[in-house]
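Subject: Structure handover

Hello,

Here is the structure I said I would pass on. My notes on it follow below.

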Amino acid sequence: MFYKTIDFSRYSSIKVGQPTEVLMIEKGDEIPSDRMIIGGANNLLVSPTPPPLMMLSKDFDEILIDKDQLIIGCATPTGKILSFAKKNDIARFEFVSKLPGTLGGMVAMNAGVKSYEIFNILEAIEINGEWIPKEQIEYGYRFAKLNGVATRVRFSIQKGFDKGLLEELINLRSNQPKTPSAGSAFKNPKGDYAGRLIEAVGLKGVSQGGMQWSEVHANFLVNNGGGTFAEAKYLIDLAKERVFEAFGVELEEEIKVV
Ligand SMILES: Cc1cc2nc3c(=O)[nH]c(=O)nc-3n(C[C@H](O)[C@H](O)[C@H](O)COP(=O)(O)OP(=O)(O)OC[C@H]3O[C@@H](n4cnc5c(N)ncnc54)[C@H](O)[C@@H]3O)c2cc1C
């Protein structure tokens with residue numbers, strides 16, 4: 001293992017944070033239990049005082065075919081997984097397109113689009129060195145209880161990459177802001193949409209310093225340049241407060257504030 005200084009104002013997708021020392025885990029290392037694991041920081045809002053952080057090194061960026069199974073390391077970026085599936089005519093990974101991050105972040109978030117979620121297609125996750133079958137893991141909408149660091153994920157291979165589905169899913173993304181963000185700020189409450197609620201309380205397009213509730217999609221907290229953690233947190237708390245007052249709905253962050 002080794003330390004690396006990561007500047008979260010550049011590395012994180014929302015471009016908020018500061019240079020921070022992160023412990024890089026290599027193959028064979030014992031994984032510390034007193035640090036928070038991060039992946040590509042596409043779902044993170046990093047505070048000025050984050051907990052001690054760690055990240056999987058390139059050792060975990062690998063895709064292996066073992067007979068009828070696919071074993072993918074958790075530092076593997078989603079873009080690489082998509083290209084691999086396309087090149088090898090493997091089905092069911094089409095939805096990872098435009099879903100930025102690493103496989104580790106995907107499984108921890110049970111990331112997905114519409115009815116396509118990573119837990120629908122995986123069979124087992126290697127957590128802290130032990131393969132755990134999916135059936136033994138608690139998971140749901142944008143949530144999975146991993147109780148440790150995911151290092152590899154196993155899938156069964158089904159043939160037939162669906163280019164039509166890929167195109168359909170890419171088109172779905174056309175309403176998303178191009179400005180830096182961490183994706184959806186809040187989970188959708190049951191039977192409703194966080195974006196609709198934020199818009200209904202008049203916050204769509206509202207900004208604080210460099211941060212703004214996007215004019216394109218109200219549930220995207222975007223950084224128009226130089227946005228800070230305090231500004232982001234202010235807008236998040238404001239949306240929670242306003243939505244609760246107006247609708248009695250407690251919005252739950254999808255973004256991980258660390
Ligand atoms: C423009 C944009 C669009 C997006 N659209 C979607 C979408 O449609 N659907 C969707 O679901 N998400 C979406 N996201 C969010 C993001 O793509 C996913 O949450 C992604 O899975 C995050 O991966 P990451 O590697 O960046 O994880 P990070 O942001 O670094 O971490 C996210 C969480 O995963 C945990 N984690 C990371 N690696 C591991 C590991 N190896 N073991 C255990 N826990 C780990 C972290 O502790 C943290 O809690 C979007 C983000 C952006 C910026």
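In β14, Arg 152 is the bridge partner of Glu 126. The model is a predicted one, in which local features need pLDDT of at least 70 and side-chain atom pairs count only at pLDDT 80 or more, while totals for chains, interfaces and linings use all residues. Residues are numbered from 1 along each chain as its sequence is written.

Strand β10 (residues 122–127) and strand β14 (residues 150–156) run antiparallel and are joined by five bridges. Strands here are DSSP runs of E, at least two residues long, and helices are runs of H or I, at least four, numbered from the N terminus. Two strands pair if DSSP finds at least two bridges between them.

Both strands belong to an open sheet of five, ordered β6-β7-β14-β10-β11, with antiparallel pairing.

The ligand has 33 residues around it, and Gly 39, Gly 101, Gly 104, Gly 105 and Gly 183 come nearest; a residue is near if its C-beta atom, placed from the backbone, lies within 6 Å. Elements giving two or more residues to this shell are β3 (36–38), α3 (103–109), β8 (112–113) and β15 (181–184). Of these, α3 gives the most, with five residues.

The domain assignment of the chain gives domain 1 (2–58), domain 2 (61–168) and domain 3 (178–257); such bounds come from an automatic or database assignment. The centres of domain 1 and domain 3, taken over C-alpha atoms, are 24 Å apart.

Regards
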